[in-house]
Amino acid sequence: MGAGHHHGHHLGLHHGHSHGGRPPGATGTAAAAHKGRLRIALGITLTVLLVYAAGSALTGSLALFAEAGHMATDAVGVFMALLAIRFAARPPSGRRTWGYARAEILAALLNCVLLLGVGGYVLIEAVERLAEPAPVPGARTVVFGLVGVVANGVSLALLIRGSKESLNVRGAFLEVLSDALGSLAVVVSALVIMATGWTRADPGASLLIGLMIVPRTVKLLREALDVLLEAAPRNVDMDEVRAHILALPGVRGLHDLHMWTITSGMPVLSAHVVVDPGALDSAGQEKMLHDLQDCLGEHFAVEHCTFQLEPGGHAEHEAGLCH
């Protein structure tokens, strides 16, 4: 690991030390490891979509119709997630130095828009059907609903691990989760109709489906926007990061500390570290850079660190250049 290069009063600039993750310039993302599972989930979603479309036509169930439309949108969402992984795997170029890693976040954002649209549509339709309920054969609706419960349960099992590592996979997981809950609501409403003849149970289930979609989607939207706005990762306390760096031997001060996320599982940090010239002479520039990188890697699992080592007083010089 080289010490970087000298520039004016700068004592060193070092890029690219990774801990427990991909090396700088690697094209894999957190979602890429789950590509095969996403493909299986897409196949399951398309199959259940066809089953629900047929079931809605045969039974006239609004809940099945809502789930068919919901799953059509989800199929598009999972397809976009796979497409984003393909783009994210492209290597960096001279112009796009981070490659296409942000494509995953854009796909998650589009998934949110689609989910909010579906949720709104289902809510409107449910209110209209509550006012004017239509007859629904409960027994056949139960059968179609159970198919969806089982199929979506398999998809959830496939995606649950990836949902903890990637916003993009989490978007697909939330879509499948809302499908599974919607399928369960279809079954329950059909059983109620069979037992009591209360046909408003069907649009009532549709209303529940819509209410399940919206809050989770808003949360995912907020997380995706945080990445696009380059906010610090939610699980990292920047005051703690600052304290760890300042506690290292030879570190006199710290400024221009920034931390953001390129895409899920790819945090980045940069900082200007003011060092004691005596400590730097005795320990060496490379040793100090290693200490800084090991600190961030061990305590905060930062994917990519860039440190600029500066002698005391250089911060004032930089501030003067900015005015």
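Predicted model: local features only at pLDDT ≥ 70, side-chain atom pairs only at ≥ 80, totals over all residues.

Q: OK, so how many bridges join β2 to β3?
A: Eight. β2 covers residues 251-261, β3 covers residues 267-275, and the two run antiparallel.

Q: Which residue in β3 is the bridge partner of Trp260?
A: Val268.

Q: How many residues lie between β2 and β3 in the hairpin?
A: Five. Gly265 sits in that turn, with a positive phi of about 80°.

Q: How many residues of β2 are buried?
A: Eight of its 11, so the strand is mostly covered.

Q: And what share of the chain counts as buried?
A: 48% of the 323 residues.

Q: Zoom out. How many helices and strands are there in the chain?
A: There are 10 helices and four strands. In order from the N terminus, the elements go β-α-α-α-α-α-α-α-β-β-α-α-β-α.

Q: Now helix packing. What is the angle between α3 and α6?
A: About 155°, and the axes are 8 Å apart. α3 is residues 103-131 and α6 is residues 201-228. Angles over 145 degrees count as roughly antiparallel, so α3 is roughly antiparallel to α6.

Q: Is the crossing of α3 and α6 left-handed or right-handed?
A: Left-handed. By class, the contact of α3 with α6 has 26 nonpolar, five polar and two charged residues.

Q: Stay on α3. What is its span from first C-alpha to last?
A: α3 reaches 43 Å over 29 residues. That is close to the 42 Å expected at 1.5 Å a residue.

Q: Which residues of α3 are buried?
A: Among them are Ala103, Glu104, Ile105, Ala107 and Ala108. Further along, the buried set includes Asn111, Cys112, Leu115, Val118 and Gly119. Val122 and Ala126 are buried too.

Q: What is the handedness of the α4 and α5 crossing?
A: Left-handed.

Q: And how many nonpolar residues does the contact of α4 with α5 have?
A: 20. Nine polar and two charged residues complete that contact.

Key:
Residues numbered from 1 in each chain as written. Heavy atoms only, no water. Left-handed = near helix turned anticlockwise from the far one by under 90°. Nonpolar A, V, L, I, M, F, W, Y, C, P; charged D, E, K, R; others polar. Axes fitted to C-alpha atoms, helices over the stretch in contact; angles between N-to-C directions. Parallel < 35°, antiparallel > 145°, perpendicular 65-115°, else oblique. Expected span 1.5 Å × (residues − 1). Buried < 20%, exposed > 50% of the residue type's maximum accessible area, 1.4 Å probe, protein only. Pairing = 2+ DSSP bridges.
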